[in-house]
Amino acid sequence: MARSGLAAAARVARWADAALGPGRDSATDDGKATLSEATAERAARDLGLTPAQVRADWDTARLAGLIEVHGDSARPGWRLRAWNRDDSAVLRGWVALFDAWSLAHPEPAEHEPAAVAEVVSAMPQALSFLQLSAGPVPVEQLLDLLEQRVTELRTARCEIPYGPQPEPAAEPEHTDAPLAPLLDWALRALASVGALTYGDGQATLTPLGSWAVWVKLEQICVAAQSPAGNIEQAAEDMLRGCAQLRPNAARAEYRAWLAARPVGSAVTELLGAARGEDALLRGLAFEALRVVGAPAEPDVRGVLDDPTLRPYGLLWLAEHDGADPEDAHEVLTREEATWLWVDTAAAVADHGEAPLLVRHLESAVQPTIPMLLDEVRAVGHPRTVQVLVALAAAHPDPALAKAVRRAAFQVHTGGS
């Protein structure tokens, strides 16, 4: 249903990708993402549509994230790139359109903005009622619910005048403003994006609309059940809070944290935390990004030029593409695997116990300790000295500890 509903928008987005790329014609002439007359007419000729249809499909594509407009140029969004191979990209695109229903079908100009804003704020409750009803609901019932919710919103804002007031001759026009026309607009707008059907005095959620409302309710429930209470923290503090949790509990915390914020800003925050000094947070950030899934792919690919994050990014992408986590390390070069070994050892040295650091030796790709030490020194990780010193202090074998200390000294002094 989502693919069908967005097919026309995807067609215009693909046309824009091919016809409006760098070095070719501009998409807009006002810097506001409004399709220029010339571009709309050209697209209409190429696609066999009217300019009005092109503009409508263009607006839908922007709201669904299939097109991103920057000034006078347009470029494809990640959802368009993933369209053919990733159903979740299609569903996220439709949910983005669903969230923007009030923009997809703008309100009539004669309604006062405050009343429109109240109706937009109240509609989630009406949609939840439709979802729970699992069938047609009379518009009169929705209107009663809407009026109750708008009254609650006004009461919450304490819209009570201060000081002595003359006895009003009639109820203020604002509180008596009829909501029926605005409910009609809201239901028509939601129908235009495919969330519900509306007619004969009743409204019914489509299966796609019912699914979307259920997802929203589930996100609210997940966010409310943040097991460790880190939902309002910045990414770095949230990850620190998850450091001592078992894997399943940590994943639940990641899901709750992600449910409470837009996916784009969440991915940016997590990668920002991964770039910091703390190697433990680096690993945890990519665990959280595994919970994000496909929407994080473009950003993860974007960090492959950063030597600190490259091994983590390659492993993430390998697992995202279907590799078994046990075999994903095969995508790393020997040098990348060694860098990751040192980075993980730094996390263990900073936050773990000595026996865990000793056991970490077993995960090295090198078959012997001398080979490991040679390659660790060669990769140039900034924490190499501290890791080797901590390993030497923790290892029970005096001869091996001595060799590790010597390697640490050589790295420290730049000797060979």
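The axes of helix H13 (residues 235-242) and H14 approach within 10 Å and cross at roughly 160 degrees. The model is predicted: local features need pLDDT of at least 70, side-chain atom pairs count only at pLDDT 80 or more, and totals for chains, interfaces and linings use all residues. Residues are numbered from 1 along each chain as its sequence is written, and side-chain values use heavy atoms, with hydrogens and water left out.

**Exercise 1.** Classify the packing of H13 and H14 by direction and handedness.

*Solution.* 
1. Take the crossing angle, roughly 160 degrees, on a scale that runs from 0 to 180 degrees between N-to-C directions.
2. This angle makes H13 roughly antiparallel to H14, a term for angles over 145 degrees.
3. The crossing of H13 and H14 is right-handed.

**Exercise 2.** Describe the largest pocket by its volume and lining.

*Solution.* 
1. A pocket is an open set of points on a 1 Å grid over the protein atoms alone, with protein on both sides within 12 Å along at least five of seven lines; lining residues have an atom within 4 Å of a point.
2. The volume of the largest pocket is about 1400 Å³.
3. Its lining holds 44 residues, with Gly283, Glu287, Thr344, Val348 and His360 nearest the centre.
4. Helices H14 (247-259), H16 (279-292), H18 (310-320), H19 (334-351) and H20 (354-360) each give two or more residues to this lining.
5. H19 supplies the largest share, 9 residues.
6. By class, the lining comprises 24 nonpolar, 11 polar and 9 charged residues.

**Exercise 3.** Characterise the largest cavity.

*Solution.* 
1. In a cavity, a 1.4 Å probe fits but cannot get out.
2. Residues lining the largest cavity include Ala13, Asp17, Leu66 and Arg75.
3. Helix H2 (7-19) and strand E2 (73-76) each contribute two or more residues.
4. The lining has 8 nonpolar, no polar and 2 charged residues.

Key
Points joined across faces, edges and corners; volume = space filled by probe spheres on them. Helix = DSSP H or I, 4+ residues; strand = E, 2+ residues; numbered from the N terminus. Nonpolar A, V, L, I, M, F, W, Y, C, P; charged D, E, K, R; others polar. Parallel < 35°, antiparallel > 145°, perpendicular 65-115°, else oblique. Left-handed = near helix turned anticlockwise from the far one by under 90°.
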